[in-house]
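Take a moment with the sequence and the fold below.

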Amino acid sequence: MPSTDVTTLIRTELPRLAGSLRKVGELILEDPAAVTHCSAAELGRRTGTSQATVTRFCRAIGLDSYQHLLIELAQERGRGEASDWGTAEIGPNISPDDSLERVVQVVGTADLRAVQQTIDRIDLDAIERAAQAVARARRVDVYGVGGSGAVAWETETRLFRIGCAVRGWTEVHAATTSAALLTPADVAIGISHSGGTREVIEPFQLAKERGATTVALTSDPRSRLARSADIRLISSSAETSFRPEGIGARHSVLTLIDCLYVRVAQLSYQRASASLALTDHIAGQHTVKSRRAR
C-alpha cells in the first residue's frame with residue numbers, strides 16, 4: 001500500500017479509470033464511511049456493476065482485495081477521528097454562500113491535514129538519501145512547470161542560499177538542454193503533483209540516462225515520474241472547492257522541500273554557514289526605513 005490515504009490514492013487513480021471501474025471509485029469517494037459497511041456484492045449493486053468489477057477496481061488501484069480496501073478505509077477514518085486539531089467534521093466543500101469564517105476553517109484544516117499526513121508518512125530514508133546526494137552534488141537541476149514551476153524556483157532559492165550549485169528549470173527545451181549536460185556527479189529533482197507531466201518527465205529521464213541521481217517529488221507513488229526515479233518523496237494533497245489537488249498539495253510539497261533543505265544544510269554545515277553569513281546582510285540593506293514623525 002502506498003504511503004498515503006486510500007481516498008487520496010483513489011482520487012489520484014480515478015482519471016485513469018473508465019466505465020464501471022470509475023463508477024466504483026466515485027461512489028467510494030462520495031461516502032467512504034458508508035462503504036465500510038458494504039459487501040463487495042452490495043457495492044457492485046449500488047454502482048450498477050458487479051462484485052467482480054469491485055474486485056477489479058481494488059486491483060486497479062494497487063490493493064490485494066476488497067477486504068484490503070475496507071481495512072484501509074477504516075484506518076483512514078480512525079486517523080481522521082484522532083486528529084488533534086479536532087476539526088475532522090469540517091469537509092472540503094465551500095459553497096458561494098459560506099461565510100469567510102467557514103472558508104478560513106475549511107482551507108486551514110485541509111492544509112494542516114495535508115502537511116500532517118505528509119509528515120506522518122514521510123520516508124526518512126528517502127529524505128536522507130536525497131539530502132546526501134544533493135549535499136555532495138557537483139550540480140543540481142530542478143524541473144517543474146506551471147504550479148510546480150513555482151516550487152522549483154523556491155527549491156532553487158533555498159539551496160542556492162546555502163551554497164549549492166542549483167538551477168530551477170521551468171521551460172522544457174532549456175531543462176532538456178541542461179539535463180543533457182549532467183553527469184553521474186549531479187542530481188536532478190523532478191516536481192509534478194500528478195507525476196505525469198511530460199515537460200518534467202522528458203528532462204528527468206534524460207538526466208537519469210546521463211547517470212545523474214534522480215529525485216521525484218509527487219503525490220502519486222505509482223506515477224511515471226515516481227517509477228523512473230532513484231529516490232521518491234511523496235506528498236499529500238488538500239483539495240477543497242476552488243482549489244484542485246495540485247494547488248492544495250503545495251504546502252505539503254514545500255514541507256518536503258524544507259526538510260530536504262535543512263538536512264542538506266546540516267550535511268554541508270561549514271559551506272552552508274559561510275554562505276548564510278555572507279548573505280544575511282543583503283535583505284536588511286534593501287529595507288526602506290520609515291521616517292519618525294517630528
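The charged end of Arg 167 lies over the ring of Trp 169, 4.1 Å from its centre. A charge sits over a ring if NZ of Lys or CZ of Arg is within 6 Å of the ring centre and within 35 degrees of the ring normal. This is a predicted model, in which local features need pLDDT of at least 70 and side-chain atom pairs count only at pLDDT 80 or more, while totals for chains, interfaces and linings use all residues. Residues are numbered from 1 along each chain as its sequence is written, and side-chain values use heavy atoms, with hydrogens and water left out.

Now the helices (DSSP runs of H or I, at least four residues, numbered from the N terminus). Two packed helices are described by the angle between their axes and the distance between the axes. Axes are lines fitted to C-alpha atoms over the stretch in contact, and angles run from 0 to 180 degrees between N-to-C directions.

Start with H9 (residues 147–161) and H14 (residues 250–267). Their axes come within 10 Å and cross at roughly 20°. The two are therefore roughly parallel (angles under 35 degrees). Contact means heavy atoms within 4.5 Å. On the H9 side, the contact residues include Val 151, Glu 154 and Arg 158. H14 contributes, among others, Leu 254, Ile 257 and Asp 258. By class, the contact of H9 with H14 has seven nonpolar, two polar and four charged residues. Here Ala, Val, Leu, Ile, Met, Phe, Trp, Tyr, Cys and Pro count as nonpolar, Asp, Glu, Lys and Arg as charged, and the others, Gly among them, as polar.

H14 also meets H7 (residues 100–120). These axes come within 8 Å and cross at roughly 35°. Asp 111, Ala 114, Val 115, Thr 118 and Ile 119 of H7 touch His 251, Ser 252, Thr 255 and Leu 256 of H14. That contact divides into four nonpolar, four polar and one charged residues.

Which residues join H1 to H2? Thr 7, Ile 10 and Arg 11 of H1 meet Gly 25, Ile 28 and Leu 29 of H2. Three of the contact residues are nonpolar, two polar and one charged. H1 (residues 6–13) and H2 (residues 19–30) pack at about 140°, with axes 10 Å apart.

How values were computed
Angles under 35 degrees count as roughly parallel, over 145 as roughly antiparallel, 65 to 115 as roughly perpendicular and the rest as oblique.
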